[in-house]
Amino acid sequence: LFGPNVNTPIIFGIGVFFFLIGYLIMHGFDKSGKILLCLVPSVLTLTAAILAKLNSATFTDILYYDARFILILLAIVPCLIFNTTDKLSLYGCLLTLAVVLLLFDPIHEIFNVGYFQRGFSSGSYYYINYVSFITFLGITAGALSLKFVMEKTERENISANNKLSAALHNVEAQNEEIKAQKEEVSKNQELLLAANEVIENQKTELQHQVNEVNANLKKVNAELVKQNNELMQFSYTISHNLRGPIARLLGLTHLSEINGSHFTNETGTILNHIKTSAEDLDRVITDLNKVIDNRNAVQKKQRVEFFHEFGEIQKLLNISEKMKQENFRVDFSEVPAIFTVKAIINSILYNLISNAIKFRSPHQDLLVSVTSFKKDEYVGIQVEDNGLGIDLTLFQNDLFKMYKRFHNHLEGKGLGLYLIKSQAESLNGFVEVTSEPNVGTAFRVFIKDSDGMS
């Protein structure tokens, strides 16, 4: 943003550093490469922060906060690349990151560029420091907890698979033994009764073992279901229990705006940064709630009239009758209704139609076609527009991923298409799309008709 400066060589050096990490890992020094990947970015971040202040006569107090955000986020890296069994590397890297974060101010003061040494005097500065370190500990604890749960699940899955393989191998061996005994019986009629008795005993033993294998499989499946529920509860707790603190933080920033005349410009700037960060975090948690609520939605099915749902969407999006007549072609005559989950159909139509309006072409009048159709065992919903379109040769693999956007000049969060796909799949359906830049896009959502009443 501000042109070349003293940190420009460091920025290019970081690029070279990551190539070096790849080189080390490819040539057998993967542990050394991972440790460097965890520690060097934190040292370079601290170095860049100090150099920027040493080589600039004037700068704002925001330079004392941005480096901390990077150091906080670096706590995730060791948890991603080290196993919990590699305790020395994992906890050593986390401890080093914590020390760098704790020594952030003392090291600045050694070089005479500390916050208060450079003339800043906000009383909220130490509060920001405490919040930063507490956030670092929270992220570290959450990442480690998730790492432990995932590794435990993986170990149990491997153990269950090994037990199942051993049981199947044992069954195959016993089957071979039974075949051999039957051949012996056919060759020697005098031993027929004895051989039959042996076979019956072995069948009983085999059935007993099969029953044991089935019982073990049921136990393993029950444990997997329990662990999946625990993971969902963890995600639910993270997404919902954080709403309270965020709401209180937003409330406090709102009160500070009301009493803004009592604060200095410097304090007002800091509070504004806090408010912006809190709002960003609130949006992320809201998005996570949508995904969790979609996965846990009660699948209560009923008859859903497409024309009625379009009317609801028309009200939500403030589509006037004149706009509907001039810009929309609505035809549900082929399939007027479907027996399914009403809320999901409403959400799919809302996201598709709102996207068609949002990404309209500036060079021609908007034209949106909304239709329903029947294909095999599926009922289809098609929304086709003449808008900006999407280059599928570039974005085919990212089209339905969360937070992926393809027109950055327009406001959006990149969540709508992800929800459409996950909602369709929750109803045993799927999504197809055809699109061409500056020509238009057609989305077709296929959903199984539960009652065949369409």
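A nonpolar core is a set of buried Ala, Val, Leu, Ile, Met, Phe, Trp, Tyr and Cys residues joined through side-chain atoms within 4.5 Å. Buried means under 20% relative accessible area, exposed over 50%, and partly exposed in between, with a 1.4 Å probe and protein chains only. This is a predicted model, where local features need pLDDT of at least 70, side-chain atom pairs count only at pLDDT 80 or more, and totals for chains, interfaces and linings use all residues. Residues are numbered from 1 along each chain as its sequence is written, and side-chain values use heavy atoms, leaving out hydrogens and water.

**Cores**

The largest nonpolar core has 38 residues. Phe-306, Phe-328, Ile-353, Val-370 and Val-445 have the most contacts inside it. Elements giving two or more residues to this core include α11 (306-316), α13 (342-358), β4 (368-375) and β7 (440-448). Helices (H or I, at least four residues) and strands (E, at least two) are DSSP runs, numbered from the N terminus. Helix α13 gives the most to this core: eight residues. Ile-353 touches Phe-310, Ile-313, Leu-317, Ile-319, Phe-328 and Val-370, leaving aside neighbours within four places in sequence. Contact here means heavy atoms within 4.5 Å. A second, separate core has 15 residues, among them Leu-71, Leu-74, Ala-98 and Val-113.

**The α1 and α2 pair**

Helix α1 (residues 8-26) packs on helix α2 (residues 30-54) at about 175°, with axes 9 Å apart. That makes α1 roughly antiparallel to α2, a label for angles over 145 degrees. Axes are lines fitted to C-alpha atoms over the stretch in contact, and angles run from 0 to 180 degrees between N-to-C directions. From α1, the residues that meet α2 include Ile-10, Phe-17 and Leu-24. From α2, those that meet α1 include Asp-30, Val-40 and Leu-51. The contact residues divide into 14 nonpolar, two polar and one charged.

**Cysteines and Leu-39**

The disulfide count is zero, with a disulfide taken as a pair of cysteine sulfur atoms within 2.5 Å. Two cysteines are set out below.

Leu-39 lies in helix α2. Leu-39 is partly exposed, at 22% relative accessible area. Leaving aside neighbours within four places in sequence, Leu-39 is in contact with Cys-93 and Thr-96. Leu-39 and Leu-94 are 55 residues apart in sequence, yet 9.0 Å apart in space, C-alpha to C-alpha.

How values were computed: Parallel < 35°, antiparallel > 145°, perpendicular 65-115°, else oblique. Nonpolar A, V, L, I, M, F, W, Y, C, P; charged D, E, K, R; others polar.
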